[in-house]
Amino acid sequence: MPAALSNLIRLLRPHQWAKNLLVFVAVLTAHRFGDAGAWRAALLLLAAFCCAASAIYVINDALDVADDRRHPDKARRPFASGALPLALAWGLAPLLLAGAAALALGLPRAAGIVLASYVGLSIAYSLLLKRLLWLDVLVLAALYVLRVIAGAFAIAVPMSPWLLGFALFLFISLATLKRYGELAMSTTGVLDGRAYRATDAPAVLAIGAAAALTAAMVLALYVQSDDVVALYAHPLRLWLALPVLLYWLARLWTLAGRGELRADPILFALRDAVSHASALALLLVFWSAL
């Protein structure tokens, strides 16, 4: 593969597109398994989010080039290393955003609005919000939740308050976990371009762990709610999901504390065999409850 093409692919971060699979959550939780129209809409939304996400990564790398050059890992990024010209960002990013907008035209208007909100919030994060203490974590969590909300709007199903609450606390925990892992690996006691210090680690741990337990509590309350009876023939079996979820979250937090979780938690989970087994166990639990 030519070096220029290889660097362009690295710039677009296609491995990060896996996060956009969250747009399918509503298809699964609404039990629209056999609805071809719902799957088509979700796939169209997935493509739109992938274009938008790559545009944001291009913009972010262009804005962060100075900080990236001081980072041992990020210094190898295409703009930071000089492998690609910085001017490329200001032509490529608008093209990708235009592609996302064109794809969104085939979706319900509400889904397009959520996609636009995702883009706007992402740009605000790149420009300013990522440098603000704790607000950066809340914005990261919101960006994940917006994918779930957009997925619900794309297939025209109401957004479940249970799903919204669970997703919000789960992703607050995972976003906090990312910062905690970075602090655990830091050799200087500070994070470049971030507002956190080594002394903040106990507070980051406490808030992240509390969010994880709150997500589990929301799931527990959902399992015993009246809403479950309408969707599942064997709702009591859903209680088995609680220990699986708690095990997975506890393991991630432990690995982060040891400095062994170097990647984004979502990307780490996509490559981690134990996370794969946990996801399979959760799917089996929900399938057995149908």
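The legends below describe close-up views of a predicted model.

**View 1. Arg 13, a buried residue in a loop.** Arg 13 sits in the loop that links α1 (3-12) and α2 (25-29). Its relative accessible area is 8%. Because buried means under 20% relative accessible area, Arg 13 counts as buried.

**View 2. The backbone at Arg 13.** Most residues other than glycine have a negative phi. Arg 13 is not a glycine, yet its phi is positive, at about 55°.

**View 3. The contacts of Arg 13.** Which residues does Arg 13 touch, leaving aside its neighbours within four places in sequence? Arg 13 is in contact with Tyr 57, Asp 61 and Arg 77.

**View 4. Ala 156, an exposed residue in a loop.** Ala 156 is found in the loop between α8 (135-154) and α9 (161-185). Is Ala 156 buried or exposed? With a relative accessible area of 64%, Ala 156 is exposed, because exposed means over 50%. The phi of Ala 156 is positive, about 60°, although Ala 156 is not a glycine.

**View 5. Ala 206 in helix α10.** Helix α10 covers residues 201-223, and Ala 206 is part of it. Ala 206 has a relative accessible area of 46% and is partly exposed.

**View 6. Ala 206 and Leu 249.** In sequence, Ala 206 and Leu 249 are 43 residues apart. In space, the distance from C-alpha to C-alpha is 14 Å for Ala 206 and Leu 249.

Notes
Residues are numbered from 1 along each chain as its sequence is written. This is a predicted model: local features need pLDDT of at least 70, side-chain atom pairs count only at pLDDT 80 or more; totals for chains, interfaces and linings use all residues. Side-chain values use heavy atoms; hydrogens and water are left out. Helices (H or I, at least four residues) and strands (E, at least two) are DSSP runs, numbered from the N terminus. Buried means under 20% relative accessible area, exposed over 50%, partly exposed in between (1.4 Å probe, protein chains only). Contact means heavy atoms within 4.5 Å.
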